[in-house]
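Have a look at the sequence and the 3D view before reading on.

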Amino acid sequence: MIRAGRTAVGRQELADALGMKWAAFRRAKPYTAEGFPAPVSSAEGKVLLWDLEQVAAYRDGGPQPALPEGEDDGDLLDRREAAALLDVQPRSFDTYKTDPRLAGHVVVVCGAEHWPRAAVRAYDAARGSVAGPQGRPRGSGDMVPRDLLPGRIAELLDADPAVTAAQVVDLLGVSTSAAQKHLQQERAARIAARMRAEPSLDAEQAADRLGYPPAVRRTALRAAQKLYETP
């Protein structure tokens, strides 16, 4: 995360801060040297970011200033960090981030989207919580808006991989056909993603790893295989 009040830089800006031409920077990869400041971005993130104050101190041979500790509402969280704060998978957050309550606060740093901790907390409080298929999510109303439905169903799958269409209908107030459609799409996407992550698995094995019982995954298997085979 980017701590409140601090500035983060990506590779291009890092090269500039170190006074290196881009071609030389790409060859040397100075950020791999022992003692170089650790990235402040998520370990799994596609865009690496470094704290500018720490980089400048390293360049000048001085002691590196420590990053602030604790949590500040001004901290900027990337996709994975925001998903963790909401206790959902990053794929689920990809749906949530289109909600105006989050989209209006997005901050792009060196090509990577971030959201203030305060905005993510406010969104979490407004959306209520989904604890599983034992009851209707707080604040869900009579029917979940269509644009938020994929994210809500993704939440239910996070809580219970065996959730059924009937339970989704009861929880979210949607039609049976809508519940079946979105459950199949989400399960298929997750099965295909697991197959790509573990190429030794076939669709059935990936579904097993994800905890999908045979009764709820039959239609998703065919769709997952097509997704997996699509470049």
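First, a term: picture a 1 Å grid over the protein atoms alone; a cavity is a set of points where a 1.4 Å probe fits but cannot get out. Grid points are joined across faces, edges and corners, and a volume is the space filled by probe spheres set on the points. Searching the whole structure this way turns up 2 cavities of 30 Å³ or more.

The second largest cavity has a volume of about 30 Å³. Lining residues, meaning those with an atom within 4 Å of a point, include Met1, Ile2, Arg3, Val40, Asp51 and Leu67 for this cavity. Sorted by class, its lining has 5 nonpolar, 1 polar and 3 charged residues. Here Ala, Val, Leu, Ile, Met, Phe, Trp, Tyr, Cys and Pro count as nonpolar, Asp, Glu, Lys and Arg as charged, and the others, Gly among them, as polar.

## Where this comes from

You're looking at a predicted model, where local features need pLDDT of at least 70, side-chain atom pairs count only at pLDDT 80 or more, and totals for chains, interfaces and linings use all residues. Residues are numbered from 1 along each chain as its sequence is written, and side-chain values use heavy atoms, with hydrogens and water left out.

Helices (H or I, at least four residues) and strands (E, at least two) are DSSP runs, numbered from the N terminus. Two strands pair if DSSP finds at least two bridges between them. In this model, 3 strands make an open sheet in the order 3-5-4, paired antiparallel. Strand 3 (76-78) and strand 4 (107-109) sit at the edges with a single partner strand each, so one side of each has no neighbour in the sheet.

Strand 5 (residues 112-116) is joined to strand 4 by 3 bridges, with valine 108 opposite glutamate 113 and valine 109 opposite alanine 112. These two strands form a hairpin with 2 residues between them, and cysteine 110 in the turn has a positive phi of about 55°. Strand 5 also pairs with strand 3 over 3 bridges, where leucine 76 has proline 116 as its bridge partner.

## Buried or exposed?

Buried means under 20% relative accessible area, exposed over 50%, and partly exposed in between (1.4 Å probe, protein chains only). Alanine 125, in helix 7 (residues 117-127), counts as exposed because its relative accessibility is 55%. Alanine 125 and leucine 86 are 39 residues apart in sequence, with their C-alpha atoms 9.6 Å apart in space.

Methods: 1 Å grid on protein atoms, 1.4 Å probe; cavity = no way out; pocket = protein on both sides within 12 Å on 5 of 7 lines; lining within 4 Å.
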